[in-house]
Amino acid sequence: MGTVMLKVGDLKMMSKYYQTALGLDVVAEQDGGLYLGRGATPVVHLAPAAGLQLPSRGEAGLFHTAILFKDQPSLAATVATAANFEPQAFVGSADHLVSEAFYFTDPEGNGIELYFDKPRESWKWDGANVVMDNVALPPQQYLNDHLSEASLENQRQADAGVGHVHLQVGDVAKAEQFYVKTLGFERTAGWHGQALFVSAGGYHHHMAMNVWNSRGAGPRKDTLGLGEVLIEVPASDDLGALADRLKVAGYASHHTGAELRFEDPWKNQIRVAVR
């Protein structure tokens with residue numbers, strides 16, 4: 001997964017949050033917007049969109065951007081700075097068996113997950129389905145166990161990137177038809193007909209879709225929030241094959257040769273590019 005683009009109403013406020021709370025730095029500036037990340041790796045692209053309204057809770061769009069950390073001390077450092085910057089932005093935590101995750105909401109209502117993957121050899125599979133759950137993960141105990149002065153001092157030098165993107169959609173079956181049957185992801189898990197998890201290469205999930213707030217939602221309006229999801233593929237042949245599958249399935253796309261742009265059934269903007 002590549003950079004997630006967010007349309008923002010208050011660039012200064014949002015930039016301050018992602019830099020101060022999440023320890024990201026400005027990687028690049030373009031067209032008045034900011035790319036924020038760690039090192040040379042952008043995580044989010046904040047694109048100014050003055051005049052747009054915030055989406056309602058029940059609309060399709062972004063559920064959360066999930067930022068993956070390489071180790072537990074790095075995760076703990078960013079959980080600590082985020083909680084210290086705005087305690088009310090913390091909305092929960094869970095041990096998912098495959099990962100340890102902490103959830104926040106940015107100042108314009110975009111969900112954020114900060115997480116660490118447990119070793120792959122510890123993941124359990126039931127056939128093609130990865131075993132995940134929501135087990136209590138007390139945040140203060142986690143910080144006591146993993147936070148250190150060194151991890152706080154070296155926070156901005158620690159690698160972090162987009163691990164997965166979780167969307168709100170109107171219908172899980174339609175999401176599976178699009179993201180699995182047409183795009184080519186593999187289904188790795190479901191959740192009582194309310195959520196779908198998909199991946200490539202045996203990961204627990206690169207994308208997820210749920211209807212917890214948005215069951216029955218139609219195509220999105222042009223609002224603040226999710227602007228674009230970037231998916232990266234190994235080779236240009238992958239773009240051509242995907243363009244063919246989209247055409248057969250009745251979805252329009254724009255192929256520049258270097259990347260492919262299209263919309264999912266809820267008008268979430270997707271860009272696929274060669275890594």
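Reader: Which side chain makes a polar contact with the side chain of Arg 271?
Author: Good place to start! This is a predicted model, in which local features need pLDDT of at least 70, side-chain atom pairs count only at pLDDT 80 or more, and totals for chains, interfaces and linings use all residues. Residues are numbered from 1 along each chain as its sequence is written, and side-chain values use heavy atoms, with hydrogens and water left out. A polar contact is a pair of N or O atoms within 3.5 Å; within protein, one must be able to donate a hydrogen and the other to accept it, and residues adjacent in sequence count only if both atoms are side-chain atoms. At 3.0 Å, the partner of Arg 271 is the side chain of Glu 228.

Reader: Is Arg 271 buried or exposed?
Author: Buried means under 20% relative accessible area and exposed over 50%, with partly exposed in between (1.4 Å probe, protein chains only). Arg 271 has 18% relative accessibility, so this residue counts as buried.

Reader: In which strand is Arg 271 found?
Author: Helices (H or I, at least four residues) and strands (E, at least two) are DSSP runs, numbered from the N terminus. By that numbering, Arg 271 is found in β18.

Reader: What is the order of the strands in the open sheet?
Author: Two strands pair if DSSP finds at least two bridges between them. The open sheet has eight strands with mixed pairing, and their order is β2-β3-β4-β1-β15-β18-β17-β16.

Reader: Which are the edge strands?
Author: Look for strands that pair on one side only. Those are β2 (25-30) and β16 (253-255).

Reader: How many bridges join β2 to β3?
Author: Strand β3 covers residues 33-38 and runs antiparallel to β2. Here Gln 30 stands opposite Gly 33 in β3. The bridges joining β2 to β3 number five.

Reader: Why are α2 and α3 oblique to each other?
Author: Axes are lines fitted to C-alpha atoms, for helices over the stretch in contact, and angles run from 0 to 180 degrees between N-to-C directions. Angles under 35 degrees count as roughly parallel, over 145 as roughly antiparallel, 65 to 115 as roughly perpendicular and the rest as oblique. Helix α2 (residues 72-85) and helix α3 (residues 139-146) have axes 9 Å apart and pack at about 130 degrees, and therefore the two are oblique.

Reader: Which residue just after α5 takes a positive phi?
Author: Helix α5 spans residues 172-182, and its buried residues include Phe 178 and Tyr 179. Just after α5, a phi of about 105 degrees belongs to Gly 184.
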